[in-house]
Amino acid sequence: MKDLITMADPIDRSELSPMTSADIEPADSNASAQPVASSKGDAGATLSATATETQDTLKQGASNLRGQATDRVRLLAEDGKSKATDALGQLTQILNDAAAQVDDKIGTQYGQYARNAADQVQSFGAKLDETTVDEIFDEARELVKKSPGVAVGIAAALGFVVARLVSAGVEQRGA
């Protein structure tokens with residue numbers, strides 16, 4: 001039976017000493033709990049300061065990223081504006097060439113329609129070339145404010161065109 005008790009309780013009680021009053025009372029009875037409370041207050045202040053510093057760092061990082069994104073968008077917009085202006089110049093040339101052919105085949109009256117279209121495209125290209133990217137963005141904002149339905153329609157049409165161009169590019173690479 002004694003073996004059964006020893007197996008159930010693996011602690012060797014012969015090495016344990018009885019509990020004394022020193023085990024219950026603090027070692028220094030004059031010690032107060034004030035430093036512990038103060039250290040908790042200091043920890044809270046330190047934690048609050050760290051949180052504030054982290055928040056400021058995050059705000060600064062977000063501001064830097066926003067600035068970088070704005071610069072990148074502006075650069076892409078300038079590049080797109082340049083490409084659009086070049087494309088409009090090429091379209092003007094194509095329309096003028098077509099006007100000459102229409103004059104020969106159908107008549108000068110119909111050729112004049114093509115020349116008028118070429119003039120309109122050329123004037124639009126010149127206006128686009130003179131306009132800054134910031135002015136274009138401001139005009140786009142005004143359009144959205146005045147007629148949001150038209151803006152959504154334009155965005156949907158542009159999205160459709162971009163999706164078609166991307167899918168055509170992917171199909172060409174796959175072929």
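Tutor: First the cut-off. A salt bridge here is a side-chain nitrogen of Lys or Arg within 4 Å of a carboxyl oxygen of Asp or Glu. Keep in mind that this is a predicted model.

Student: What do the side chains of K83 and D79 form?

Tutor: They meet in a salt bridge, at 3.6 Å from N to O.

Student: How far apart are K83 and D79 in helix α3?

Tutor: Four residues, so about one helical turn separates them.

Student: Which residue of that pair is exposed, with 54%?

Tutor: K83 is the exposed one, with a relative accessible area of 54%. D79 is partly exposed, at 38%.

Student: How many salt bridges turn up in the whole structure?

Tutor: The search finds four. Among them is D134 with R74, at 2.4 Å from N to O.

Student: Where do D134 and R74 lie?

Tutor: D134 is in helix α5, residues 133-146, and R74 is in helix α3, residues 34-105. The pair therefore ties together parts 60 residues apart in sequence.

Student: And accessibility there?

Tutor: D134 is partly exposed, at 38% relative accessibility. R74 is also partly exposed, at 32%.

Student: New topic: which residue does D138 meet in a salt bridge?

Tutor: R141, with 2.7 Å from N to O.

Student: What is the relative accessible area of D138?

Tutor: It is 42%, so D138 is partly exposed. R141 counts as partly exposed too, at 49%.

Terms used: Residues numbered from 1 in each chain as written. Predicted model: local features only at pLDDT ≥ 70, side-chain atom pairs only at ≥ 80, totals over all residues. Heavy atoms only, no water. Helix = DSSP H or I, 4+ residues; strand = E, 2+ residues; numbered from the N terminus. Buried < 20%, exposed > 50% of the residue type's maximum accessible area, 1.4 Å probe, protein only.
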